[in-house]
Amino acid sequence: MTPYIAEFVGTMILILLGDGVVANVNLNKSGMKGAGAVQITLAWGLAVLVPAFIFGAASGASFNPALTIALAADGSFAWSMVPGYIVAQLAGAFCGACLVYLLFKDQFDATEDAATKRGVFCTAPAVRNIPRNILSEAVGTFVLVFAIKGLAQVPDLADGTGKFLVFAIIVSVGMSLGGLTGYAINPARDLGPRLAHAVLPIQGKGSSDFGYGLVVPIVGPILGGLAAVLVYGLIF
């Protein structure tokens, strides 16, 4: 059970820190309100880095169904473990989002805009165009997975250094492409917190927008991850 527990706790920490920075920067009466997109993007990279150091040896630190599926597709990971990993990742993301709500409840209550509240939990497009939104998520995830696979091309790369490079990949994707759809690039990162948004008693929360959430941040990352391992396999 150790790998599944690691994926659960690791994804919970990822969402606690990742959704936490969005709450910290965007909700009213937060001490860091207005800090901006740079803090959010850097903090999301760190939110991946911290649990990756802790759980890399235990589970591989996937924390992302799109990455898990892609690695299984290219033979780097056992298909038999994929369902358990995905369940653990979704459950961890849900619990992490619930912790964010518990910590920032006063700030949620002080914020009137429903879209801002939902934005703490999950992604949304700057311009709603579902085919292009899917493409954006697919391209972002392609870069993520292709670059992670590409770490194998770095001679004598230490494992700890590799984790810092993953941080750099996340920040790069976010700073370059994040303004399009919020760069979910991870179905669990979006769906788990979106489910939390749907069930939590958030004052004036509005719609959870599952019409978008069950398509773009799930289909796009999975397609992008699969394309990445296919192209990587053709080249290397």
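1. **What you are looking at.** This is a predicted model, in which local features need pLDDT of at least 70 and side-chain atom pairs count only at pLDDT 80 or more, while totals for chains, interfaces and linings use all residues. Residues are numbered from 1 along each chain as its sequence is written, and side-chain values use heavy atoms, with hydrogens and water left out.

2. **Helix α8.** The expected span here is 1.5 Å times one less than the number of residues. Look for a kink of about 50° centred on M175; the bend at a residue is the angle between axes fitted to the seven residues ending there and the seven starting there. After the helix comes G182, with a positive phi near 85°.

3. **What α8 packs against.** Several α8 residues are buried, among them G162, V166, I169, I170 and G178 (buried means under 20% relative accessible area, exposed over 50%, partly exposed in between, with a 1.4 Å probe and protein chains only). The buried residues of α8 pack against α2 (37-59), α7 (130-150) and α10 (210-213); contact means heavy atoms within 4.5 Å.

4. **The nonpolar core.** Which residues have the most contacts inside the largest nonpolar core? They are V21, W44, F108, V120 and F121, in a core of 37 residues. Such a core is a set of buried Ala, Val, Leu, Ile, Met, Phe, Trp, Tyr and Cys residues joined through side-chain atoms within 4.5 Å. Helices α1 (2-26), α2, α4 (82-103), α6 (114-121) and α8 each supply at least two of the core residues.

5. **Salt bridges.** How many salt bridges does the structure hold? There are five, each a side-chain nitrogen of Lys or Arg within 4 Å of a carboxyl oxygen of Asp or Glu. One of them joins D74 and K149, with the closest N and O atoms 2.6 Å apart. D74 sits in the loop between α3 (65-73) and α4, and K149 in helix α7, so this pair ties together parts that are 75 residues apart in sequence. D74 is partly exposed, at 29% relative accessible area, whereas K149 is buried, at 17%.

6. **Two further pairs.** D209 and R128 meet in a salt bridge of 2.9 Å, N to O. This pair also links distant parts of the chain, 81 residues apart: D209 is in the loop between α9 (187-199) and α10, and R128 in the loop between α6 and α7. D109 and K105 pair at 2.7 Å, N to O; they are four residues apart in helix α5 (residues 105-110), so about one helical turn separates them.

7. **Helix α11.** Finish at α11 (residues 216-235), whose 20 residues reach 28 Å from first C-alpha to last, close to the 28 Å expected at 1.5 Å a residue. Its buried residues include V216, P217, I218, G224 and Y232. The buried residues of α11 pack against α3, α7, α9 and α10.
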